[in-house]
2 protein chains.
Amino acid sequence: MKFLKNKIVNEGKVINPTTLKVDSFLNHQLDPALMLEMGKEFKKRFEGKKITKVLTIEASGIAIGIMTGLALDVPVVFAKKKKPSTMANLYSATVHSFTKKIDYDICISKEFLGPEDKVLVVDDFLAMGNAILGLENIIKEAGAEMVGVGIAVEKGFQNGGKIIRDKNIHLESLAILDTMEDNKIKFL
Amino acid sequence: MKFLKNKIVNEGKVINPTTLKVDSFLNHQLDPALMLEMGKEFKKRFEGKKITKVLTIEASGIAIGIMTGLALDVPVVFAKKKKPSTMANLYSATVHSFTKKIDYDICISKEFLGPEDKVLVVDDFLAMGNAILGLENIIKEAGAEMVGVGIAVEKGFQNGGKIIRDKNIHLESLAILDTMEDNKIKFL
């Protein structure tokens, strides 16, 4: 997606060869028009999949999630990283973040995911893929179907994309980073 | 806002006389069309204010924030509750949550807020108002102007609304809860 790649080149900051900072438009300050375009692009790429629900993870997945839900005209559910005191019946999974070097739990109320659902998972970044695999486990536990995964920025030099594609999951990444050596961003 | 009030009456769950659960459309599962309507309503209510930026707090403010930004065609910034490892120069404030009985810090990168900004603050709930006052402090520190506060659901039986209006801040709440006695929701 050219618009997103241009934004990454113009505003992204390469912190080191594996870390890209895009907080001027994707995960701290947000560009609403770009987010809506990404949502429409996911709608196009997953055409005909009869999606009933968009699933993502707080916090930085929410903006792209809600715009995808708007484009598809379906509800959006975001997994929480802390169990709210008012949430009783829930699905949960443990996710290891290689970036932050921590384990965290994600949870979703059983009210909002069931066997009737065809779920599109979206997120801002794909690195090692653990958050996506955590959501896949929850979708399986709910008896729902995961029809695909939509990612804004995939780190092509990390393993997540390969792991997910090897499972025959339909993965669409709007920008795939190839290398970021010498502060130069190259896409796949 | 009638659409929102109807949703609250039909789908909201009164947990006790001061706690309303609206996680089927506002803060766990999200209704994108409703969120967009709320964004457009804030645009109307703050007409002529020359807003340059929408400010909110992760996680449940993000959806309403991005839709308000889309309606106003301005960027959205969400305050983070944990300082990211890649964020150096930041504004921060401490917020006491009466609901969760904890203190937490919110922070915003100095890159994304400055003296040129006219800021509309939005959030899903207003109870005691501490999160809004934390954001007000950050806006002051940045030398920016807070032109108003847009809230989805104000708890009219708690003090936040009065505190903010007494400061002559332009506050617009789309639904104001009066009482929730005997499981019956009444609006002001």
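**Reading the interface of chain B and chain A**

Reply: We may begin with a single contact in this predicted model. B:E111 and A:K13 make a salt bridge, their closest N and O atoms lying 2.7 Å apart.

Me: How many salt bridges does the rule find across the interface of chain B and chain A?

Reply: Two salt bridges are found there, the pair of B:E111 and A:K13 being one that meets the rule. As for polar contacts, 12 residue pairs are counted between chain B and chain A, with both residues at pLDDT 80 or more.

Me: Which elements of chain B give two or more residues to the side that touches chain A?

Reply: Among them are the strands β1 (13-16), β2 (19-21) and β7 (102-109), together with the helix α2 (32-45). The largest share, six residues, is supplied by α3(B). By class, this side of chain B holds 21 nonpolar, eight polar and seven charged residues.

Me: How is the size of an interface often given?

Reply: The general idea is to state the accessible area that is lost when the parts come together. Here chain B and chain A bury about 3000 Å² between them, and 68% of that area is on carbon and sulfur atoms. In terms of residues, 36 of chain B are in contact with 36 of chain A.

Me: In which sense do strand β5 of chain A and β3(B) pair?

Reply: They pair in the antiparallel sense, over two bridges, with β5 of chain A spanning residues 76-79. Within this pairing, B:Q29 of β3(B) has A:V77 standing opposite.

Key
Residues are numbered from 1 along each chain as its sequence is written. Chains are lettered from A and ligands numbered from 1 in the order in which they are written. This is a predicted model: local features need pLDDT of at least 70, side-chain atom pairs count only at pLDDT 80 or more; totals for chains, interfaces and linings use all residues. Side-chain values use heavy atoms; hydrogens and water are left out. Contact means heavy atoms within 4.5 Å. Buried area is the accessible area (1.4 Å probe) that two parts lose on being put together, summed over both. A salt bridge is a side-chain nitrogen of Lys or Arg within 4 Å of a carboxyl oxygen of Asp or Glu. A polar contact is a pair of N or O atoms within 3.5 Å; within protein, one must be able to donate a hydrogen and the other to accept it, and residues adjacent in sequence count only if both atoms are side-chain atoms. Helices (H or I, at least four residues) and strands (E, at least two) are DSSP runs, numbered from the N terminus. Ala, Val, Leu, Ile, Met, Phe, Trp, Tyr, Cys and Pro count as nonpolar, Asp, Glu, Lys and Arg as charged, and the others, Gly among them, as polar. Two strands pair if DSSP finds at least two bridges between them.
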